[in-house]
Amino acid sequence: MKTQPEVPTPDQNKSSRRRFVGTLSAASATVMVHSSVAKAEEQVELRLAVIGAGGRGTGAINDSLTANAGVKLVAAADLYRNKCMNLRSAMTRRHPDKVDLPDARIYEGLDGYKHILDDPDIDVVLLTTSPGFRPYHLLEAAQAGKHVFAEKPTCVDPAGYRICLQADALARKNGTAIVTGTQYRRQTNYVGAIEQIRAGAIGDIVGAMTRYCSNGIWYRGRQEGMSDAEYQLYNWMHFIWLSGDQICEQAVHNIDVMNWVMDGPPETAYGSGGRFTRPEDSEMWDNMAIDYEYPGGRLVSFMCRQIPNTQSDNGNVIYGTAGTCYIAAGNGGSRITDRSGKEIWRMEGSIGEAYQQEHKDLIDSIRNGQPIVELKQTADSSLTAVMGRLAAYTGQRVTWEFVTEKSQLDLFPKNLSWDADMPEPRFAIPGETKLI
Ligand SMILES: NC(=O)c1ccc[n+]([C@@H]2O[C@H](COP(=O)([O-])OP(=O)(O)OC[C@H]3O[C@@H](n4cnc5c(N)ncnc54)[C@H](O)[C@@H]3O)[C@@H](O)[C@H]2O)c1
């Protein structure tokens, strides 16, 4: 490979760029550490597209454009065109040299994203829609040979989990990346605390406690003229096929940390919860408390809640035979105490840096020819959240074996269309809701 590629003519430009990016994806690590390749790769621009141009889509593309050189936002898709226009305005203001997003590469509607996956000149897609679509978008993106950033949760039911496993396997086979939005895995004080635990700072882990308790979440009321489907897509948080309830949509962050600490998913979940303050047509519960039992009889006590005027608490406590590790959410930092309560270690960390680090890691991994594929890990955590939800909704003990191998639950509507009538929203009632 030449150190300095010749400047291509406009006609050659696309195909030679694609060839080079393809080479980067498939190249072996040994080849990639070669300095001449490293110089050449700096000259290859990676072209990014966002699918789901809402709050996090805008945040995620901003993180990528901030953290990476040689990247450009070139396409966007959303149910609503104006979401893409707003995203384009915000990114053009912040990163004028990293945006080339003409009207022709803005796509709307339920299937607009397919234009992005069909475009051979797009290298990386950011999947930031409501969660219910994620497994399908992940698999299609992997089939299209795209590198992917996918927000959490990656599935809201066992059917979606199995699709995630297919996408993970395909990406590994094809040499394309899938990085996920579990940013705490890249936050310095989380990584530092887990390293301390692994090194024996709290002795053997005997159990843990994790909470995601907050004051509430948005509710988007039905607008005049909306079909059932459009309304649910718009107000997605409150419909379980789209959000998975708070335990999946939000508290999966804590569950992912627990799976990280415990080095894999739990064996069983048993839990309870209920609803008191949700709007009439919301399927969400207000709170859930789940006991997860991990191998070795290690119990994780989990709680999530979204109720106005209650005391917030978001963080993780890991109990060991020799001490206790406290990892607070956001920028709260980590600390370890010994059995007497004396602090023996502490570390600060920034969630903002972690949000950017995941995008830097993704792009670096593509460039160095060792694409990161971490979907299974995040799919396991998403399914752990599903398992807890099913335990609470049904009032039954639910096993990992059941959710991975036996459950037939598949929430995604068949023949979804913009104008579709949808079944009447229903919230779960333990003792009535069946475990399927
Ligand atoms: N990692 C984090 O800390 C973090 C923070 C916030 C949100 N999130 C996750 O990001 C995702 C999006 O959340 P948000 O807060 O941005 O929601 P949002 O409602 O602001 O944005 C979602 C966007 O996706 C669009 N959309 C839905 N279905 C689509 C489809 N089929 N094709 C194209 N566009 C579609 C919607 O129109 C909407 O604009 C969720 O999975 C959420 O859990 C992660």
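# A tour from domains to loops

Start with the two centres: the C-alpha centres of domain 1 and domain 2 lie 28 Å apart. Select 10-184 + 359-375 for domain 1, and 188-349 + 381-406 for domain 2. These bounds come from an automatic or database domain assignment. The contact between them takes 14 residues from domain 1 and 20 residues from domain 2. Two residues are in contact if their C-beta atoms, placed from the backbone, lie within 7 Å. On the side of domain 1 that touches domain 2, eight residues are nonpolar, four polar and two charged. Here Ala, Val, Leu, Ile, Met, Phe, Trp, Tyr, Cys and Pro count as nonpolar, Asp, Glu, Lys and Arg as charged, and the others, Gly among them, as polar.

This is a predicted model: local features need pLDDT of at least 70, side-chain atom pairs count only at pLDDT 80 or more, and totals for chains, interfaces and linings use all residues. Residues are numbered from 1 along each chain as its sequence is written.

**The whole chain**

Zoom out. The protein chain has 16 helices and 15 strands. Helices (H or I, at least four residues) and strands (E, at least two) are DSSP runs, numbered from the N terminus. Along the principal axes, the C-alpha atoms fill a box of roughly 65 × 60 × 40 Å. Of the 436 residues, 45% are buried. A residue is buried if 20 or more other C-beta atoms lie within 10 Å of its own, exposed if 12 or fewer, and partly exposed in between, with C-beta atoms placed from the backbone.

**The core**

Now select Ala49, Ala76 and Val125. Among the 103 residues of the largest nonpolar core, these three touch the most other members. Such a core is a set of buried Ala, Val, Leu, Ile, Met, Phe, Trp, Tyr and Cys residues joined through C-beta atoms within 7 Å. Next, show helix H15 (residues 375-394), which gives the largest share of this core, ten residues. Both domain 1 and domain 2 give residues to this core, so it lies between them.

Stay on Ala76. Leaving aside neighbours within four places in sequence, its contacts include Ala49, Val50, Cys84 and Ile106.

**The ligand**

Move to the ligand. A shell of 25 residues surrounds it, the closest being Gly52, Gly54, Gly55, Arg56 and Leu79. Select helix H4 (55-67) and strand S2 (71-78): each supplies at least two residues of the shell. H4 gives the largest share, three residues. By type, the shell divides into ten nonpolar, nine polar and six charged residues.

**Loops and backbone**

Most residues other than glycine have a negative phi, and most peptide bonds are trans. Now look at some exceptions.

- Lys152 to Pro153: this peptide bond is cis, with omega near -20°. Pro153 sits in the loop between strand S5 (147-150) and helix H8 (158-174).
- Asp245: not a glycine, yet its phi is positive, about 75°. Find Asp245 between helix H11 (240-243) and helix H12 (246-249). Asp245 counts as buried, with 29 C-beta neighbours inside 10 Å.
- Asp263: its phi is also positive, about 65°. Asp263 lies in the loop between helix H13 (252-262) and strand S8 (268-274). Asp263 counts as exposed, with 11 C-beta neighbours inside 10 Å.

**Last stop**

Select Asp421, in the segment after helix H16 (400-406). Asp421 is exposed, with 9 other C-beta atoms within 10 Å.

How values were computed. A residue is near a molecule or strand if its C-beta atom, placed from the backbone, lies within 6 Å of it.
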